[in-house]
Amino acid sequence: MDLMNIQPVVQSIADAIAAVLKIEVEIANHHFIRVAGTGEQRVSVLHKMEGDLVYKSAIRTGQPVIITNPGYAEVCQRCQFFQNCSETGEICTPITYDNRAIGVIGLLAFNEEQRQRLFENTDGILTFLRKMADLLSSKLHLYHLNQQLTSNSEKMEKLMDLVHVGMIVIDEKGKLNEMNLKAEMLLGAENKAVPLHVQNLIRDFAWESGVLSRTITLVTSRGEKSLLLTKQKLSSLASYQTEYLISIQDVKEIRNLAEMAAEDQKKPFDQIIGVSTQITEVKKYAFKVSQSDSTVLIQGESGTGKEEFATAIHHASMRKDHAFITVNCGAIPEHLLESELFGYERGAFTGANQKGKPGKFELAHQGTIFLDEIGEMPPLLQVKLLRVLQQKEIERLGSTHTIPVDVRVIAATNKDLQEMVNNGLFREDLYFRLNVIPIVIPPLRSRKEDIIALSDHFISLFNEQFHANVLGFGKNVISAMLNYPWKGNVRELKNFIEYLFNFITNGWITMEAAGELIQRKLEMEKQKIPLTSTSFSLVEMEKDLIKKALQYVHNHQLNVEDASQLLGIGRATLFRKIKKYQIDI
């Protein structure tokens, strides 16, 4: 902070002090530049001062300095005007701002009359100078605040212009006080002058009680334009005037953004390669499923891509910014699976981490947990998993306290869980809890067109990985691949292509070039699995599940309403679907 920033104000205060005291005044900053002066000192304003040792002492000590014998005082000994000073007396006091000396006010006497006036009431003079120093400090503070306010206002205007939404501030008299560039563009304003009929539309909307948003139509040279207006009432303690913040958006832009957002949400499913009708329908269905929090059971043969679908569902969901935790229930020993899922407390068992450990459900809080090979889960853990699905809470091993968890569960299996339920190998109530939304992934042999699409994808992948230049498969190889049953589905196809890349890295892969390799890998001499297309209907599957749930409650002498809990749907939804599918109850 520098007194030079408010030099005109400093000069006016110096003139006022001189007029009151009838003594010459000069005011310097902390660089000892004369900011203001009266009498003979006025001509050297804005110049570096000479013989400024007295002022240096005031700034260094932060205390006033009184010189009754200028040119002979101790502080004057190093001054170039020592014993030859034109002054007859001097009093100065520091100007402080934020506990730091930023300048000095000096009173100067040049004759005996001024000297007598200067020293006849020294205490009164010092009190007056302190008041003037405080006044200068407050003026500098006001200048600083005004600079900040101006800077903030400029920043706010720039920020408003960067916003992709039109913004207008209108007062209760209908005057447009603020408007950003986007609003000017949307309203067809020129130099912030909004057409009168548009002002009237905005004003009427601002004053309309009980209405927070409205769509208006403007006729421009390019045709009609629909704008969505929303308002918010602004209150200010500094003013009794009411203002409204009106935001303006182009309805067409909103639609475009919504469509782009929807496309972005679907992008995770683009990673799942397939062009067949079956896989396309499953992808569309899985995307709809991703928008809810309901439990999903993905069923399909080994290698069909169940984990890829689970991952896509998570990344297309509202939980995408949180954890996606995968647990292979068949790969973890039974005695470790419980602690892996639910965690454990300190000292829960021999060898346990002394600090305890959170389980996968805790780690997946607010995200998604994928339970692969759910059919391998032991009966005891089936009970505990059922409780998590019902109560939304877990209990660590060795603990008596429950921990609430917000987790979406996606389970997957290549087994027939319904058959396992019938054989007493899987809990029926857990099956219904998991199978709220079933997804069945068809095997590769039932969607032959995907064999070609997947092959092209894997060729590109392995060309990069092996630094190869394979162009594709010959017609005779494609024919053999289309007639092969692919028991391991997509995984087997990928492994087959990787196998060939270890031997062939350029050109086309043909029977002439790689017939023996292909014959050996595909084991074409063995009996093929029938290639009849398997079809599935999600509607039929849903109808079948409702029938089974109704049969369950009937066998256990429960109410029809209890079936809705087993299915994880509302009572009204259940009865609507019963009516839709014409199911007898």
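Spaces and contacts in a predicted model

Helix α9 contributes the most to the lining of the largest pocket, with 6 residues. This is a predicted model, in which local features need pLDDT of at least 70 and side-chain atom pairs count only at pLDDT 80 or more, while totals for chains, interfaces and linings use all residues. Residues are numbered from 1 along each chain as its sequence is written, and side-chain values use heavy atoms, with hydrogens and water left out.

Some terms come first. Helices (H or I, at least four residues) and strands (E, at least two) are DSSP runs, numbered from the N terminus. Rolling a probe the size of a water molecule over the atoms shows where empty space is left. On a 1 Å grid over the protein atoms alone, a cavity is a set of points where a 1.4 Å probe fits but cannot get out; a pocket is an open set with protein on both sides within 12 Å along at least five of seven lines; lining residues have an atom within 4 Å of a point. Points are joined across faces, edges and corners, and a volume is the space filled by probe spheres set on them.

The largest pocket has a volume of about 630 Å³. Its lining has 25 residues, and Gly-303, Thr-304, Gly-305, Glu-308 and Val-490 lie nearest its centre. The elements giving two or more residues to this lining are α9 (306–315), α15 (449–466) and α17 (489–501).

The search of the whole structure finds 1 cavity of 30 Å³ or more. The largest cavity holds about 40 Å³ of space, and is lined by Phe-361, Val-388, Leu-389, Lys-392, Val-405, Val-407 and Val-409.

The last stop is Gln-291, in the loop between α8 (277–290) and β11 (296–299). Gln-291 is partly exposed, with a relative accessible area of 35%. The C-alpha atoms of Gln-291 and Ser-317 are separated by 5.4 Å, although these residues are 26 apart along the chain.

Definitions and conventions: Buried means under 20% relative accessible area, exposed over 50%, partly exposed in between (1.4 Å probe, protein chains only).
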